[in-house]
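Reader: Could you walk me through how to read enclosed space and sulfur links in a model like this one? I would like the general idea and then the case at hand.

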Amino acid sequence: MKNKKRVDKKRRLIWVVLSVVILIGFGFAEQNQSLEDELNNLTAELSSSGYSWLVDYSVSYPSVEVYEKDGSEKIADFGEISEDGKYKIYLTSLVGEQDTFDLKILGASVDFDYVVDPFADNGSLIQTIADCGDLITENATYVLNQSVNTTNTCFNIMANNVTLDCQGFDINYSQSGFGYGVNITGYNYSTIKECNIYEGSTASSAKHGIYLNNAKNNTIENNNVTVIDSYGGLSAVYLAGSSDQNLLKGNTLFASGAAVSGIYLSNMPRYNSIDNNTIVTKGLEDGCGIRLHIAPLNNLTNNKINTSRERAFIIYFLTYANSNLSIDSSNLAEGKPVNYTFDAENLVFDGVDFTQYGSVIFVYSNNITIRNSNFSDDSLYLLETHNSTIENNLFNTTNSYGLANSYSNNNLINNNTIISYSNPGFYGYYYAYNSNITNNTIETYNSSSSGLWFFYVNSTNVKNNKIITSGGNSYAVYLNSYSSLNYFSGNVINTSTGTNTIGIYLQSGSNSNVFVNNSINTNSSSGYGIYFYIGTDNNTFSRMNINTTAHSIYVADINQNFTITDSIVKTSSATNFGFYIYNRVNGGMWNFTNVTQAGGVPINISWVAGGNGTLNMHWYLDVNVTDNSTGGALVSANVLSWNSSGGLNGNSTTGASGLTRQTLLEYTRNASTTTYFSPYMVNVSLNGYSNFTNDSLNLSGNVWWDAKLRDITLPNITSISPTNETFTSNQTINFTANLTDVGSGLSNATLYIYNQSGLYNSTFYNIVGAPLTASVGIVVYMIEGVYTWFWEVFDVAANFITSQNETTGVGGNYTLTVDISTPNISFVAPTPSDGSTTAGNSIYVNVSADGSAGLGTNISTFVDFDNSLVGWWRMDDLNSSGDVVDYMGCYDNETEILTEEGWKYFAELNDDERVMTLNQETGEKELQLPTERQI
């Protein structure tokens with residue numbers, strides 16, 4: 001025994017291989033006993049022979065306890081030993097150090113094959129090791145002399161310039177927990193060579209074969225590394241952080257599983273040389289050869305990479321500076337050279353046979369055009385490549401994506417045929433925005449292979465594509481991880497074979513996507529139409545045509561919010577449903593409007609107990625408003641709809657066609673309760689028409705309702721000519737009026753004219769086309785006399801009015817006097833005879849007048865002898881201000897006026913001679929031509 005040295009809670013490890021030996025004696029039952037008697041006898045016999053534990057039906061196993069040598073305090077317990085195997089225990093309760101222990105066996109016999117004390121670094125520069133452990137001596141070489149295994153990490157290199165030479169022996173690590181084959185974290189200048197490293201189990205994830213973290217100038221050479229993983233994120237060799245200037249050379253690496261990598265460089269490892277490695281990956285999607293995640297300035301040469309369902313290289317960058325890599329054509333992908341282009345612009349490839357390359361990659365490029373070309377193997381990979389056109393190409397691959405578009409914006413992917421026999425046809429991922437994917441045919445032929453897969457893709461248009469998947473667990477359109485604001489229209493989406501296929505799959509925050517006029521057909525044995533998984537929000541679907549063999553619309557998990565309108569949903573199986581809510585759904589709002597089976601039949605719904613959310617079922621109410629008399633469409637009619645609870649749900653007006661559409665809620669349903677809002681009361685109103693009401697409109701589907709309104713408004717008349725109380729000598733009179741109607745339209749007008757003898761004239765005027773306004777003119781020959789007259793007007797609905805009606809504002813009949821006779825004028829004594837001469841300085845002029853020859857009753861006469869009148873106001877001569885003016889003027893024979901030539905009598909003015917005037921507004925004197933002259 002060593003001298004005891006006290007170290008607080010120093011841990012030691014013991015491995016024990018135990019063989020449990022249990023001896024069981026058997027007795028034989030007598031014949032002709034009952035089964036119960038036989039059992040009792042056998043129990044008694046075993047107990048009397050010392051094997052009572054065999055008939056104790058509570059199962060127990062032997063156990064092993066650990067004590068310090070000759071000590072009485074238990075420091076560890078292996079627990080129950082239930083089968084042959086290796087048992088490991090840490091002596092965490094041991095205080096100090098010790099090499100010898102006592103093992104106490106309880107409960108039954110236990111055989112010990114061997115007891116192993118684990119490897120402990122002795123500080124020598126050359127050490128032979130037979131077990132896993134921590135390598136802590138700087139500049140030391142550790143030589144493995146046998147194959148080793150462990151439940152977690154096998155070797156931790158914890159010093160600089162360490163060499164681990166496995167001499168071809170195996171390292172079987174992480175057999176039951178998390179760990180690495182070899183781990184170098186924070187140390188430099190070490191070498192790992194000639195090791196056969198195997199992951200021991202698929203439990204847990206990211207259990208890399210060789211793991212370097214912030215480790216520089218190390219050499220990983222001539223190792224065989226095999227990793228298998230069903231959890232994802234596993235790599236044969238993983239370089240993380242500032243793991244710079246390392247050499248990875250001559251290694252054979254095999255990785256199988258989901259998202260595995262042969263070599264993974266992550267988060268800024270730089271200046272590493274990766275040379276002459278052979279890498280094979282197999283299994284699920286996203287298993288690549290070399291994955292470079294923000295890993296610039298690394299040099300890759302002579303590597304041979306074969307993948308079954310992924311590209312040889314997956315590259316992620318954040319900036320231009322982080323994208324500078326060297327990948328030359330000495331690297332082989334699927335046995336062919338790699339074509340790697342960096343920082344190119346304005347290149348055109350037309351009719352190129354790219355099948356000569358195993359992988360074609362464009363990185364940080366712009367305005368690349370590829371048309372009429374062929375691709376195979378790892379196909380085409382666009383990374384940070386923008387404003388490019390990929391059209392009329394054939395992509396046909398058996399071991400990768402048909403076409404991958406990453407961090408690449410504003411690209412046109414048009415009219416290509418994309419065929420993949422292993423993975424998604426088109427893969428858009430990581431912030432690929434604003435591209436147009438149009439008129440392509442995309443086909444995949446493998447299980448778990450999506451036709452079009454978006455991963456963090458936004459604002460992309462997907463139009464008029466044909467997308468077909470063949471194989472189980474495949475999604476024709478897969479929107480994952482916040483793929484939002486995308487627009488899908490006119491696409492034909494089919495799944496043809498396999499189980500659990502899906503037309504459109506949305507998950508993980510893929511929000512606000514719009515799907516319009518797409519058709520989905522699932523012809524597989526169990527094919528879903530639209531599948532919601534993990535919270536999504538505000539996705540909208542309209543004019544969808546969904547035909548499935550399983551549930552057409554499936555809400556599978558947690559909170560979902562979406563809207564679907566004007567769509568046909570049909571499932572071919574009677575045991576499946578148009579809408580299915582699973583029990584894991586914990587909330588959401590689902591708005592359905594006009595979603596039916598073929599022929600307008602409502603869809604069937606299944607709501608699994610435990611599922612929560614709200615379904616709002618809406619239908620259309622189409623109201624056709626027409627005139628009851630004419631059948632014509634009525635514009636701007638107001639339609640109001642109240643639900644059964646009295647709430648106003650619809651308020652709209654008709655358009656030019658007389659139609660209006662309202663979206664009304666039939667019911668709201670959650671997991672336990674359905675609340676109905678039908679039947680509805682609907683009222684239609686329009687100015688000039690009677691209201692139309694349906695107070696019990698049932699809404700269990702779309703409803704078309706014809707509402708015929710009756711015109712109740714009188715037309716209107718505005719007489720234009722002649723004006724009321726007109727005196728005229730004309731015998732041909734044009735009677736005109738403007739007619740209006742606010743309802744069904746004008747039909748006819750009749751003019752009635754009466755004189756002292758009775759009805760003088762009635763003229764009917766037909767108004768064609770039922771206009772709302774019309775001007776009517778009727779010419780009538782009149783004889784002398786006094787007349788009254790009025791109009792009578794009908795609209796199409798037989799509402800009528802006359803101009804005698806006070807409601808028009810006109811009042812009673814109009815009057816008209818036609819006088820065609822002139823009055824008599826006579827000069828009578830003492831007026832001198834015509835042509836006579838008198839010596840006096842004054843004469844008498846006597847004039848008489850009468851209207852007895854005609855209808856005149858108001859006759860005035862006056863004499864203007866030799867322009868003797870100083871003023872004459874007829875009261876109908878007005879100036880611009882509306883004031884009465886002197887008709888004759890204020891000049892006589894003795895009046896002088898100032899002209900351009902001086903003062904003159906008014907009668908002496910020349911035709912073009914201007915006279916002095918006074919501007920009444922400005923007060924200024926002005927010379928102007930006279931408006932009147934004395935003759």
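Reader: Which residues line the largest cavity?

Author: Happy to start there, keeping in mind that this is a predicted model. The general idea is that rolling a probe the size of a water molecule over the atoms shows where empty space is left. Here, the lining of the largest cavity consists of Asn-405, Ile-413, Phe-426, Gly-428, Ala-432, Ser-435, Ile-437, Phe-454, Val-457 and Thr-460. Two elements, β43 (426-433) and β46 (452-458), each give two or more residues to that lining. The one that gives the most is β43, with three residues.

Reader: How many cavities of 30 Å³ or more does a search of the whole structure find, and how much space lies in the largest cavity?

Author: The search of the whole structure finds one cavity of 30 Å³ or more. About 50 Å³ of space lies in the largest cavity.

Reader: What is the make-up of the lining by class?

Author: Six of the lining residues are nonpolar and four are polar, while no charged residues take part.

Reader: Now the sulfur links. How many disulfides does a search of the whole structure find?

Author: The general idea is to look for a pair of cysteine sulfur atoms within 2.5 Å. By that test, the whole structure has two disulfides. With bonded cysteines counted along the chain, the pattern is 1-2, 3-4.

Reader: Is the link of Cys-166 and Cys-195 left-handed or right-handed?

Author: The link of Cys-166 and Cys-195 is right-handed, with 70° about the S-S bond. In this disulfide the sulfur atoms are 1.9 Å apart. Cys-166 lies in the loop between β12 (163-165) and β13 (170-173), and Cys-195 in the loop between β15 (191-193) and β16 (196-199), so the pair ties together parts that are 29 residues apart in sequence. Cys-166 and Cys-195 are buried too.

Note on methods:
Residues numbered from 1 in each chain as written. Predicted model: local features only at pLDDT ≥ 70, side-chain atom pairs only at ≥ 80, totals over all residues. Heavy atoms only, no water. 1 Å grid on protein atoms, 1.4 Å probe; cavity = no way out; pocket = protein on both sides within 12 Å on 5 of 7 lines; lining within 4 Å. Points joined across faces, edges and corners; volume = space filled by probe spheres on them. Helix = DSSP H or I, 4+ residues; strand = E, 2+ residues; numbered from the N terminus. Nonpolar A, V, L, I, M, F, W, Y, C, P; charged D, E, K, R; others polar. Buried < 20%, exposed > 50% of the residue type's maximum accessible area, 1.4 Å probe, protein only.
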